[in-house]
Amino acid sequence: MTDVWERCPKCKSDQVVTRGKLFYFLIWFAAGGCLLWLGLLFFWPLLVVGFIPIVVSLFSFMKAKVNRCTACGHKWKP
Ligand SMILES: [Zn+2]
C-alpha cells in the first residue's frame, strides 16, 4: 500500500488514502450478490439488475489503484 502513497498534488495535504481495486471489487460484488439473492427469493427481475454490479465489479478489478485526498476530495492515479 505504501509504495503508491504520495501527498495530494493539489493541496499538498497528507490526508491521502489509497483505495485498492480489491476494495471496489468487494463493494460491487457484495451489492450484486445481495440483488441476486433478493431476486431468487422475492422478485426475479432483480436477477437481471443484480448482474450489473457483478459486471462492474469485474471491470473495477481491472482498473488501476486510485489515491484520494480526504482534505480536498481530489482523486488521481499514483
Ligand atoms: Zn488535496
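## Basis of the model

This is a predicted model, in which local features need pLDDT of at least 70 and side-chain atom pairs count only at pLDDT 80 or more, while totals for chains, interfaces and linings use all residues. Residues are numbered from 1 along each chain as its sequence is written, and side-chain values use heavy atoms, with hydrogens and water left out.

## Fold and dimensions

The chain has 2 helices and 3 strands, arranged along the sequence as β-α-α-β-β; these are DSSP runs numbered from the N terminus, helices being H or I with at least four residues and strands E with at least two.

The C-alpha trace spans about 50 × 20 × 15 Å along its principal axes. The radius of gyration is 16 Å, whereas a compact globule of 78 residues would have one near 12 Å (taken over C-alpha atoms; the globule rule is 2.2 Å times the number of residues to the power 0.38).

## Zinc site

The zinc ion is coordinated at 2.2 to 2.4 Å by the SG atoms of Cys 8, Cys 11, Cys 69 and Cys 72, donors being N, O and S atoms within 2.8 Å of the metal (3.2 Å for Na, K and Ca), and because water is not among the atoms, sites may look incomplete. Along the chain, the donors follow the spacing C-x2-C-x57-C-x2-C.
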